[in-house]
Amino acid sequence: ILADGATGQKATAFDTPSGRLQGAALRGMSKAIHDVGNSSKLPLRVILGTVNRHWGFLAFMQQQGVLFDVIGYHIYPQEQHAPLDQDPWFGPGGLLGQLALFKKPITINEFNAGEIYAGTSGHQGADYLNRVGDPVTEKGFKALDKHLKEILRQSAAKVESILLYEVADETRKTPPENRFGLYYDAELQ
């Protein structure tokens, strides 16, 4: 739904036929969820997610009348990446500063180490083996530790939850999808 050549940082980047169609669908879905929540008195909330630097998606969906209560985001930072509230690649205030501009709570709904991609097509470095003592694997765990601590310390945005992806490797999948596990083996040892 992203316009050709667009960075995704502006709402106009999503003003395409597919973007407008998705906006209409999400508008209806978000309204239905809020209507059910109001009539049933259930605490239902709509999460609208984005990735990369696609803040324009959130802004465009707001313009399209999509009612959302929480921002969803997923990210796989590497150990050498700057803190998520400072990284200039995302813009002023880093990732968290940019998301905070929408004045909504944030759930990081998929979080893991960027090192899991090492050694696969388009990603430099030695292969991520997901084994005890493997240097790239250990670097990935250091990345998780570093960035989780940064998220806890920061005050730029209201991060209300972080979901780690995933518990165990799915060995039937191809790399890198087969090695996202936070445990080294299928027995979860």
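A nonpolar core is a set of buried Ala, Val, Leu, Ile, Met, Phe, Trp, Tyr and Cys residues joined through side-chain atoms within 4.5 Å. The legends below describe close-up views of a predicted model.

**View 1. The largest nonpolar core and the elements that supply it.** Of the 30 residues that make up the largest nonpolar core, those touching the most other members are Leu58, Ile75, Leu95 and Leu99. At least two residues of this core are supplied by each of α2 (55–63), β2 (70–75), α3 (94–100), β3 (106–111) and α4 (135–153). The helix α2 gives the largest share of this core, namely 5 residues.

**View 2. Surroundings of isoleucine 75.** When residues up to four places away in sequence are not counted, isoleucine 75 touches Leu84, Phe90, Leu95, Ile108, Glu110, Phe111 and Asn112. Isoleucine 75 is also one of the residues that touch the most other members of the largest nonpolar core, and the list of residues lining the largest pocket includes Ile75 as well.

**View 3. The largest pocket.** About 230 Å³ of space lies in this pocket, and the residues that line it are Val51, Asn52, Tyr73, His74, Ile75, Tyr76, Pro77, His81, Leu84, Asp87, Trp89 and Phe90. Sorted by class, this lining consists of 8 nonpolar, 3 polar and 1 charged residues. Asparagine 52, one of the lining residues, is found in the loop between β1 and α2. The phi angle of asparagine 52 is near 60 degrees, a positive value in a residue other than glycine. Asparagine 52 counts as partly exposed because its relative accessibility is 35%, which falls between the limits of 20% and 50%.

**View 4. The second largest pocket.** The volume of the second largest pocket is about 180 Å³. Its lining is formed by Gln78, Gln80, Glu115, Ala118, His123, Gln124, Gly125, Ala126, Val136 and Lys139, and by class these comprise 3 nonpolar, 5 polar and 2 charged residues.

**View 5. Isoleucine 162 in strand β4.** Isoleucine 162 is found in strand β4, which covers residues 159–164. With a relative accessible area of 27%, isoleucine 162 is partly exposed. Leaving out residues up to four places away in sequence, isoleucine 162 touches Ile108, Phe111, Leu148 and Ile151. From C-alpha to C-alpha, isoleucine 162 and isoleucine 151 are 9.4 Å apart in space, while in sequence they are 11 residues apart.

**View 6. Lysine 41 in the loop between α1 and β1.** Lysine 41 lies in the loop that runs between α1 (17–40) and β1 (47–50). Its phi is near 65 degrees, which is a positive value in a residue other than glycine. Lysine 41 is classed as exposed because its relative accessible area is 71%, a value over the 50% limit.

**View 7. Two cis peptide bonds.** Tyrosine 165 and glutamate 166 are joined by a cis peptide bond, with omega at about 5 degrees, and glutamate 166 has its place in the segment after β4. A cis peptide bond also joins proline 175 and proline 176, where omega is about 0 degrees. Proline 176 is likewise found in the segment after β4.

Key
Residues numbered from 1 in each chain as written. Predicted model: local features only at pLDDT ≥ 70, side-chain atom pairs only at ≥ 80, totals over all residues. Heavy atoms only, no water. 1 Å grid on protein atoms, 1.4 Å probe; cavity = no way out; pocket = protein on both sides within 12 Å on 5 of 7 lines; lining within 4 Å. Points joined across faces, edges and corners; volume = space filled by probe spheres on them. Nonpolar A, V, L, I, M, F, W, Y, C, P; charged D, E, K, R; others polar. Helix = DSSP H or I, 4+ residues; strand = E, 2+ residues; numbered from the N terminus. Buried < 20%, exposed > 50% of the residue type's maximum accessible area, 1.4 Å probe, protein only. Contact = heavy atoms within 4.5 Å.
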